[in-house]
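Q: I am new to this structure, and I would like to learn how to read some of its features. Could we go through them together?

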Amino acid sequence: MSNLLRGCVHTIPSAHTEAILAMAANASFLFTAGSDLSIISWDCKTLKKVAVAKDAHDDDIDCLEIIGDSLFSTSHSKIKVWDVHTLQHKHTMQGLNHRVRALAYDRKRERLYSGSHNMVHVWDSIEPFSLLARIDTKFGSIYSISLTNRYIATGTYNRNVHLYDIETHEYKHALSGHLGAIAALAKSPTGSFLVTGSHDSTVQIWDLQKALPYQILQRHESCVNTILVRDDLLFSGSDDTEIKVFKLFRHQDYSAS
């Protein structure tokens with residue numbers, strides 16, 4: 001697993017004109033979005049801008065996720081689907097009553113999980129993107145979501161990460177340590193570690209076996225809204241309009257949690 005940090009190795013200044021709220025990446029592109037209502041794709045190797053979808057939503061773009069050739073984006077009560085190569089709009093998923101702040105997919109990439117107020121929705125990840133299930137939660141608005149082999153992890157406004165059994169949906173326990181809402185979650189490649197970004201401006205790395213923070217990163221000057229782990233890099237985006245890129249090096253990981 002790659003989670004001992006060598007420090008910030010690159011900054012993309014003024015990547016957006018307003019707060020950066022969401023990031024996602026595949027083998028070729030890094031996608032970013034936020035309060036300026038645009039989605040931008042960047043070349044993963046050069047970090048140069050490739051394409052822009054302006055006015056992609058009518059409100060802040062809170063989350064991005066990629067499954068195959070589809071890029072999913074969320075805002076108030078909507079999930080939109082875009083072509084990852086062209087950023088052309090493909091589909092809009094509706095029928096949601098609250099702001100959708102969080103997205104994640106299962107390990108087979110067959111299901112998409114979305115988080116809103118006291119609710120996780122489970123969708124088919126391919127057209128027609130049907131709603132498959134609802135999971136009731138009780139801790140208020142879900143700001144972030146991530147899936148490991150064992151858990152559905154939800155980051156909430158109440159400053160905690162709540163863990164649910166991925167098969168039974170039974171509530172397990174919480175991870176507590178941030179001083180602000182948990183706006184972003186990302187897992188390690190095996191799922192043994194969880195990375196959290198918070199409105200308290202910090203990024204924390206958690207050992208899921210011990211349910212304790214492993215490392216705390218303090219490099220942003222404002223709320224951390226989005227984080228992304230890709231290969232040996234950790235990306236974080238903030239209200240300060242900057243993207244921080246942390247270099248990771250490998251050490252022994254535990255079995256998947």
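A: Gladly, and we start with a term: helices (H or I, at least four residues) and strands (E, at least two) are DSSP runs, numbered from the N terminus. The model is predicted, so to speak of local features requires pLDDT of at least 70 and side-chain atom pairs count only at pLDDT 80 or more, while totals for chains, interfaces and linings use all residues. Residues are numbered from 1 along each chain as its sequence is written, and side-chain values use heavy atoms, with hydrogens and water left out.

Q: What phi does S201 have?
A: S201 has a positive phi of about 80 degrees, although it is not a glycine. A211, not a glycine either, has a positive phi of about 55 degrees. A211 sits in the loop between strand 18 and strand 19 (212–217).

Q: Is S38 buried or exposed?
A: Buried means under 20% relative accessible area, exposed over 50%, and partly exposed in between (1.4 Å probe, protein chains only). S38 counts as buried because its relative accessibility is 8%. A211, at 28%, counts as partly exposed.

Q: With which side chains does the side chain of S38 make a polar contact?
A: A polar contact is a pair of N or O atoms within 3.5 Å; within protein, one must be able to donate a hydrogen and the other to accept it, and residues adjacent in sequence count only if both atoms are side-chain atoms. The side chain of S38 has such a contact with that of D36, at 2.8 Å, and with that of H16, at 3.5 Å.

Q: Which residues lie nearest the centre of the largest pocket?
A: On a 1 Å grid over the protein atoms alone, a pocket is an open set of points where a 1.4 Å probe fits, with protein on both sides within 12 Å along at least five of seven lines; lining residues have an atom within 4 Å of a point. Here E65, Y105, A186, L228 and V229 lie nearest the centre, among 40 lining residues. Strand 20 (224–230) is one of the elements that give two or more residues to this lining, and its 6 residues are the largest share.

Q: Where is the cis peptide bond that has omega of about 15 degrees?
A: That cis bond joins E127 and P128. P128 is in the loop between strand 11 (111–124) and strand 12.
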